[in-house]
Amino acid sequence: MNNWVEIDQARLAGNYRALQQAVGEATEVLAVVKANAYGHGAELCAPMLERAGARWLGVTCASEGARVRGVVGPGVEILVMCGSLPQDTAMLQSSRLTPVVWTAEQMDDLPTGMRVHVEIDTGMGRQGARAGAELTAVLQAAAARGLVVDGVFTHFCSSEVAGSALTQKQERHFAEAIDQVLDAGLRPGWVHAGNSSTVDNPAQPWPWLVDLAASVGARAMVRPGLAVYGYCLPIEGNAPPQVCAGLRPVMTWKAHVLAVRELAAGETVGYNATFTAARPMRVALLPVGYADGLRRELSGAGWVMLHGQQARILGRVSMNLTVVDVTAVEGVRMGDEAVVLGAGVTADDHARLAGTIAYEILCGIHPCG
């Protein structure tokens with residue numbers, strides 16, 4: 001293998017259990033494995049999470065849900081979070097997936113008796129029916145099709161902001177939508193809201209969510225994703241994290257050293273010779289680059305770990321190859337393992353250098369293998 005990822009099952013299970021403990025027994029934790037488990041491998045992580053106690057998993061689409069269904073037991077519920085198209089109906093049925101719906105048209109091809117979760121747009125402005133006429137149309141269409149409204153949920157747009165007025169406004173809109181569901185004579189089994197930052201935010205909304213769910217005889221559920229894998233966005237507003245401080249990254253991304261060579265003073269490295277050796281140096285060549293997800297913004301700024309020490313990236317990260325400085329790292333040889341992401345170099349480090357967030361770093365990893 002040129003470069004590959006390793007997943008720590010004990011850490012993954014520990015993170016899931018820490019999240020479940022944080023929200024309490026009255027609230028279910030749906031572990032999000034969408035986007036290939038945020039780059040960690042959905043088909044690898046899903047059964048690990050099932051063994052850790054997860055009874056709900058969230059996927060991107062029907063095809064991803066079908067792959068996950070193939071590796072977990074019948075007791076695990078799988079929510080297709082990003083909507084479905086008519087051509088997905090057969091797969092939804094055969095893999096026993098629960099689709100998210102928010103328009104009447106999305107339900108035209110769904111079979112009688114299928115369970116659905118209705119999304120409420122409370123201010124995110126993406127998916128979801130707004131309370132009022134839109135939600136009425138969705139609920140009426142579900143009844144006309146003989147569908148079972150098993151869940152009702154929303155998504156907060158600023159859950160990483162402590163005491164956010166936007167979140168409070170969304171909570172009010174969601175409560176209005178739940179009243180509308182109740183008035184329609186529906187009794188969903190689940191009422192859910194909230195991502196990783198929701199769980200980590202000191203102004204946690206889940207006690208409110210538990211009460212709201214109980215008002216319709218439902219159970220509350222939250223949907224952490226990034227936190228399951230050991231990362232969280234910082235909580236804005238100088239608020240200390242509630243959960244993330246105890247979570248641990250579960251992915252280690254590694255690459256074998258392809259070759260080691262000596263550089264003389266004045267020799268250059270990489271495209272456009274952006275690095276020139278000021279003195280004799282020893283460098284290692286790694287078979288990993290931006291095609292694998294190692295961001296080009298790390299050129300000349302990032303590092304890998306070799307023999308427990310930092311080895312700085314020299315020159316530009318190219319498509320499949322990266323050069324690192326091992327002058328001060330003793331004994332580096334061809335075949336040695338370099339840690340591209342893991343102990344000593346995190347997705348947060350990569351995100352800071354690339355001007356992005358850990359989500360994008362992790363989701364962009366797709367090693368050559």
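**A helix pair and its surroundings**

A: Let's start where two helices touch: Leu135, Thr136 and Leu139 in α6 meet Ala177, Gln180 and Val181 in α7. Contact here means heavy atoms within 4.5 Å. Sorted by class, this α6–α7 contact has four nonpolar residues, two polar ones and no charged ones. (Nonpolar covers Ala, Val, Leu, Ile, Met, Phe, Trp, Tyr, Cys and Pro; charged covers Asp, Glu, Lys and Arg; the others, Gly among them, are polar.)

Before going on, keep in mind that this is a predicted model: local features need pLDDT of at least 70 and side-chain atom pairs need 80 or more, while totals for chains, interfaces and linings use all residues. Residues are numbered from 1 along each chain as its sequence is written, and side-chain values use heavy atoms, without hydrogens or water.

Two packed helices are described by the angle between their axes and the distance between the axes. Helix α6 covers residues 133–145 and helix α7 covers residues 165–183; their axes come within 11 Å and cross at roughly 40 degrees. (Axes are lines fitted to C-alpha atoms, for helices over the stretch in contact, and angles between N-to-C directions run from 0 to 180 degrees.) The crossing of α6 and α7 is right-handed, which is to say that the near helix is turned clockwise from the far one by less than a right angle.

The axes of α1 (residues 9–23) and α3 (residues 42–52) come within 9 Å, with a crossing of roughly 55 degrees. The two helices, α1 and α3, are therefore oblique to each other. (Under 35 degrees is roughly parallel, over 145 roughly antiparallel, 65 to 115 roughly perpendicular, and the rest oblique.) The crossing of α1 and α3 is right-handed as well. On the α1 side you'll find Gln9, Leu12, Ala13, Tyr16 and Arg17, and these meet Cys45, Met48, Leu49, Arg51 and Ala52 in α3. Seven residues of this contact are nonpolar, one is polar and two are charged.

Eight strands close into a barrel, with parallel pairing, in the order β2-β3-β4-β5-β6-β7-β8-β9. Ignoring direction, neighbouring strands of this sheet are turned by 30 degrees against each other on average.

Eight of them form an open, antiparallel sheet in the order β1-β10-β18-β15-β16-β17-β14-β11. Its edge strands are β1 (3–7) and β11 (259–263), each pairing on one side only. Neighbours in this sheet are turned by 35 degrees against each other on average, direction ignored. Inside it, β16 (residues 309–314) and β17 (residues 322–325) pair in the antiparallel sense over two bridges, and Leu314 stands opposite Val323 in β17.

Toward the end of the chain, Pro367 lies in the segment after α11 (358–363). Leaving aside neighbours within four places in sequence, Pro367 is in contact with Asn3, Trp4, Val5, Trp253 and Asp292. Pro367 is partly exposed, at a relative accessible area of 27%. (Buried is under 20%, exposed over 50%, partly exposed in between, using a 1.4 Å probe and protein chains only.)

Two residues have backbone angles worth a look. Most residues other than glycine have a negative phi. Tyr38, though, has a positive phi near 55 degrees; this residue lies in helix α2 (residues 34–38) and is buried, at 7% relative accessible area. Arg96 also has a positive phi, of about 55 degrees. Arg96 sits in the loop between α5 (89–94) and β5 (98–101) and is partly exposed, at 39%.

Finally, zoom out: the chain has eleven helices and 18 strands. (These are DSSP runs numbered from the N terminus: H or I of at least four residues for helices, E of at least two for strands.) Its C-alpha trace spans about 80 × 45 × 35 Å along the principal axes, and 53% of its 369 residues count as buried.

Note on methods. Two strands pair if DSSP finds at least two bridges between them.
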